[in-house]
Amino acid sequence: MIKNNYFTDNEDIQDYFQTLIDWDEIVCEVEHDFRDYKEYSQTKQEELEFAPSNTQEALEAYKAFLDSAGEICGCDISQKSSIMDKKGLSFKDGKVSFPQEMIELYQKLEDAGLHGFATARHFGGLTFPRTMISFFYELMGRADSSLCLAFGALGIIETVDCFSDEEQAAKWVPKIADGSYSAAMALTEPNYGSDLPNIQTKAEKDEKGQWRINGSKRFITGGCGFENRPALILTLARTGDPSSGAKGLSFFLVQSTDLEIAGIEKKMGISCSATCELVYNNSPAELIGKEGFGLIRYAMGMMNGARLAVSAQSTGIAQAAYSESCKYASEREQFGVPIRDIPAVKKLLDRMERETLVIRALTMEASRQVDLYSWRKFDHGNKNTDAEKNPKHDPQVRKWEKIASFFTPLAKYYGSELCNQIAFDAIQVHGGSGFTEEYDVARIYRDARITNLYEGTTQLQIVAAIGGISSGMSAKGYLRTYLEDEMASFAPSAELTEIYGLFCKICEAFKEILDAKTKNYVAFEAVESAARFIGGMLLEKTASKLSSEKRENRLRVAQAFHLDSKAKITANKIQIQGIAMKSERSSQNTVVAAS
Ligand SMILES: Cc1cc2nc3c(=O)[nH]c(=O)nc-3n(C[C@H](O)[C@H](O)[C@H](O)COP(=O)(O)OP(=O)(O)OC[C@H]3O[C@@H](n4cnc5c(N)ncnc54)[C@H](O)[C@@H]3O)c2cc1C
C-alpha cells in the first residue's frame, strides 16, 4: 500500500476540509454558541478544557486530529494491512485472538487520543460533528477495513448517549471514551436479517426486577470485544409477545462477558474483523430508554449515522483501489509505454477517479445534512436543554432530517455499490497481478464486497430512499425544493440541466405506475437515476467554489460523469416505462379473463 499521510496526500479531501465545507454552519450546530467553552470559563471542569471559543479553534482541533489519523492510517496501518489479512483471527474456547499487529495498531490509535471521536466532551470525548467522523472513517477505510470496523465501532455508543437517561449515559459512555470497553450492535438473528421487526431474542424481568436476555444473535461485528477490552453490546430484544412486531422490540446494553461467544464466521473478506455468533443465556441487561422504542425510534434514529459510516468506509476503499491503481499504472510498462497512457487503461482510471469523487461528494453532503439536524435533536452530552425537549417543532430539524433520510440510504447504496465496481476495475488495471495476493487490490476487492450487504443491503437502502422519489419529488415535495434551491445556488451547465429534466421524467414515469409490486421492481432504476443526477450536481456545485484551475479540472470530471449519467438515466427510463407497460397489459388481461 502507498505509504503517506492519507489526510494530507489527498487533494480532494484537502479541498473539502479547507474550502468546500461550510464549517461555520456545522460548528455553530455542534457547539451551541460555544457553551462548553463558556462553561469551562466558569467551572474549570477538566473535560471541557479544550472546548473551542470560535470556529477557527474548532477547526484547528479537527485538523490536528485528522493529521494524526492520516499519519497513522497511511504510514502504519496500511503497511500492515496485508500481513494482518494473511494472519486472520483464531477462535478457541470462546475466545477470539487478533494478530499482534492489529493489537498494536489499535493501541496506537488510542495512544494518539483518537478514541474520543465518538463521544461528547462531557463524557471525556471530543464532540466531533458527523462530517469529521466521516473523514476519519474514510481514512481508516482506505488503510484497512477490519481495523476501521474494530475502532469505528466505538461510534455505536452514540445511541446510549442519545437515548439513555443521564445516570446511565454517565455510567457507560465514559467507558468508551477512556478506551476500557469496545462496542458492538446486535440486531441480526439466524432467521431474521433484513426482517428485523420479527426478531425473537427475548428480554424479560426476573423476580428481582433485573432484565435478562435469552436467544442468539448472528453476524455480530466485534461482539467478542477487542483484546482485553470487553464489548458493550447494544442488543435488540423482544419485550412484547412473539407477534408484537416492531413495537415489541427494545434496546438493551449487555456486556460481552455476560454471554457466550459461540463462534466466528470464516469470510471472504475483512478477515480480521470478528463476526460473532452470540448466545444469550439469562444474560443480565440494562434497558436503554423506553420499552418498545428499540427499533421504531432508537435504531431508526441512529440509522443515518450507521449508513454514513459505511458510505465513508466505502469512499476509503474506493480511494485505496484508485490510488493503488494509479501507482501501478505509472510503473507498469507494456508496448514501451506506461499502461496509464494506453487509452483503454486510462478510461478505467478516469472512471474510477470520477466515481470516487462522487461517492465522497454524496457522503460529505449527507454528513452535513445529519449535522444540521442531529445536534438540535439529540444535543449529545447535554441532556437538559430546551432543544432536546421539543426538537420536533424545530423547522430546521424537520427539514434536514427528512432530506437526510433520503440522502443517507442514497450515499450508502451508491458508495457501497461503486466501491465494489472501483475495486473490480483496480484488479483489471493490475492485469494478472491483480488476481494474486502480491498486490493489495485483491484484498481490497474482497473487503469491498461486504459494504453493500451489512447495515442494510442495497435493496433495503433502495426501499428507504424510494420515498424521496415518490413523495419528495411532487410539485412542492421536500426533495424537489432542496434540489431546486441547490441548483439555484450556482450556474449549472446545460448538460446538468438536461439530466435534471431526464430525472424528473423518471420520477413522473415512476409515479404513474399504480401497481405496488411493479413499483418495487423498478425502484432501483429510479433511485440510481437520482444518485446519478445528484452526484453530478454536487460535482458542479463544489467546482463553483474552487479556484479557477481546480474548478476547470472538476468541471471536466463532471462533464464525463454527466455523459455516463445521460446514458444510464435514458436506459433507466426505457426500463421503467417498458416494465410498467408490460405490467399494465398483464393486469388488463387478468381483468378481461376474469370478466
Ligand atoms: C461480515 C458481517 C458483519 C455484520 N455485522 C453485523 C453487526 O455488527 N450487527 C448486526 O446486527 N448485523 C450484522 N450483520 C448482518 C447484516 O446486517 C445482514 O447480513 C444483512 O442485514 C442482511 O441480512 P441477511 O444476511 O439475513 O439477508 P436476508 O435478509 O436473508 O436477505 C437476502 C436477500 O434478500 C434481499 N431482501 C430481503 N428482504 C428484502 C426486502 N424487503 N426488499 C428487497 N430485498 C430484500 C436482500 O437484499 C438480500 O439480497 C453483519 C453481516 C456480515 C456478513
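Predicted model: local features only at pLDDT ≥ 70, side-chain atom pairs only at ≥ 80, totals over all residues.

Q: Why is α4 called roughly antiparallel to α5?
A: The axes of α4 (residues 55-87) and α5 (residues 100-111) cross at roughly 165°. Angles over 145 degrees count as roughly antiparallel. Therefore α4 is roughly antiparallel to α5. The two axes come within 10 Å, and the crossing is left-handed.

Q: What makes the contact of α4 with α5, and which classes does it contain?
A: From α4 come Ile72, Asp76, Ile77, Lys80, Ile83 and Met84. They meet Glu101, Met102, Leu105, Lys108 and Leu109 of α5. By class, this contact has seven nonpolar and four charged residues, with no polar ones.

Q: Why is α17 called roughly antiparallel to α18?
A: Helix α17 (residues 494-512) packs on helix α18 (residues 516-543) at an angle of about 160°. The cut-off is over 145 degrees. So α17 counts as roughly antiparallel to α18. Their axes are 10 Å apart. The crossing of this pair is left-handed.

Q: Which residues of α17 and α18 meet, and how do they divide by class?
A: Leu496, Ile499, Tyr500, Phe503, Ile506 and Phe510 are the α17 side. The α18 side includes Lys519, Val522, Ala526, Phe533 and Glu540. The contact divides into eleven nonpolar, two polar and two charged residues. Lys and Glu count as charged, so Lys519 and Glu540 supply the charged class.

Q: What describes the packing of α6 and α7?
A: The angle between α6 (residues 130-143) and α7 (residues 145-152) is about 145°, and their axes are 6 Å apart. Tyr137, Met140 and Gly141 of α6 make the contact with Ser145, Leu147, Cys148, Phe151 and Gly152 of α7. It has five nonpolar, three polar and no charged residues.

Q: What makes up the shell around the ligand?
A: The ligand is surrounded by 21 residues, the closest being Leu187, Gly193, Ser194, Thr457 and Gln459. Strands β3 (182-186) and β5 (211-221) and helix α15 (458-470) each give two or more residues. By class, the shell has eleven nonpolar, eight polar and two charged residues.

Q: Where do the domains lie, and how far apart are their centres?
A: The domain assignment gives domain 1 (171-294) and domain 2 (463-585). Their C-alpha centres lie 39 Å apart.

Notes:
Residues numbered from 1 in each chain as written. Near = placed C-beta within 6 Å. Helix = DSSP H or I, 4+ residues; strand = E, 2+ residues; numbered from the N terminus. Axes fitted to C-alpha atoms, helices over the stretch in contact; angles between N-to-C directions. Parallel < 35°, antiparallel > 145°, perpendicular 65-115°, else oblique. Left-handed = near helix turned anticlockwise from the far one by under 90°. Contact = placed C-beta atoms within 7 Å. Domains from an automatic or database assignment.
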